[in-house]
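Q: Hi! Could you walk me through this structure? I'd like to start with the packing and then look at a residue or two.

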Amino acid sequence: MAEIVPSLTTELRRGTLTLAVLSQLRTPQYGYSLVQRLEAASIQMDQSTLYPLLRRLEKQELVTSEWDTTESRPRKYYELSSYGHEVFRQLKTEWFRMNEDLTTLLKEEEDHESD
């Protein structure tokens, strides 16, 4: 039974990574700076997961990107589009509602279990 926990944890985490990334793109970020910001919040994300997600978000027009070639090493910066800001706001509201509902449900289950 315990072997299934890591795969279910990965599945649970997968849906939250999009919200985590969107939350950090209110200001322009390049890939490595984004990974660092997520890690500072104890959210681990491999670059092999990050870049496909950023491309998908860009294709969905939630994020825009722009190359900065002023440094010796060009960097591609990502930022929320105006549509992305609106979608992020709605997702954040949905996240808080779901979190509250699930917390209530799990506390009820825990209380029932201790009876």
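This is a predicted model: local features need pLDDT of at least 70, side-chain atom pairs count only at pLDDT 80 or more; totals for chains, interfaces and linings use all residues.

**Packing around the helices**

Q: Where is Thr-18 placed?

A: Thr-18 sits in helix α1.

Q: And what does Thr-18 touch, leaving out residues up to four places away in sequence?

A: Thr-18 touches Leu-53, Arg-56 and Leu-57. With Arg-56 there is also a polar contact of 3.4 Å between the two side chains.

Q: Nice. Switching topic: how many residues are in the largest nonpolar core?

A: That core has 20 residues, and Val-21, Leu-25 and Val-63 have the most contacts inside it. Two or more residues each come from α1 (4-24), α2 (31-40), α3 (47-59), β3 (75-80) and α4 (82-114). The largest share, 5 residues, is from α1.

Q: Which residues is Leu-25 in contact with, beyond its neighbours within four places in sequence?

A: Leu-25 is in contact with Leu-34, Leu-54, Val-63, Tyr-78, Glu-79 and Leu-80.

Q: Back to the helices: at what angle do the axes of α1 and α2 cross?

A: They cross at roughly 110°, and the axes come within 10 Å. So α1 is roughly perpendicular to α2.

Q: Is that crossing of α1 past α2 left-handed or right-handed?

A: Right-handed.

Q: Which residues meet there, between α1 and α2?

A: On the α1 side, Ala-20, Val-21 and Gln-24; they meet Leu-34, Arg-37 and Leu-38 in α2. Val-21 is also one of the residues with the most contacts inside the largest nonpolar core.

Notes
Residues are numbered from 1 along each chain as its sequence is written. Side-chain values use heavy atoms; hydrogens and water are left out. A nonpolar core is a set of buried Ala, Val, Leu, Ile, Met, Phe, Trp, Tyr and Cys residues joined through side-chain atoms within 4.5 Å. Buried means under 20% relative accessible area, exposed over 50%, partly exposed in between (1.4 Å probe, protein chains only). Helices (H or I, at least four residues) and strands (E, at least two) are DSSP runs, numbered from the N terminus. Contact means heavy atoms within 4.5 Å. A polar contact is a pair of N or O atoms within 3.5 Å; within protein, one must be able to donate a hydrogen and the other to accept it, and residues adjacent in sequence count only if both atoms are side-chain atoms. Axes are lines fitted to C-alpha atoms, for helices over the stretch in contact, and angles run from 0 to 180 degrees between N-to-C directions. Angles under 35 degrees count as roughly parallel, over 145 as roughly antiparallel, 65 to 115 as roughly perpendicular and the rest as oblique. A crossing is left-handed if the near helix is turned anticlockwise from the far one by less than a right angle, and right-handed if clockwise.
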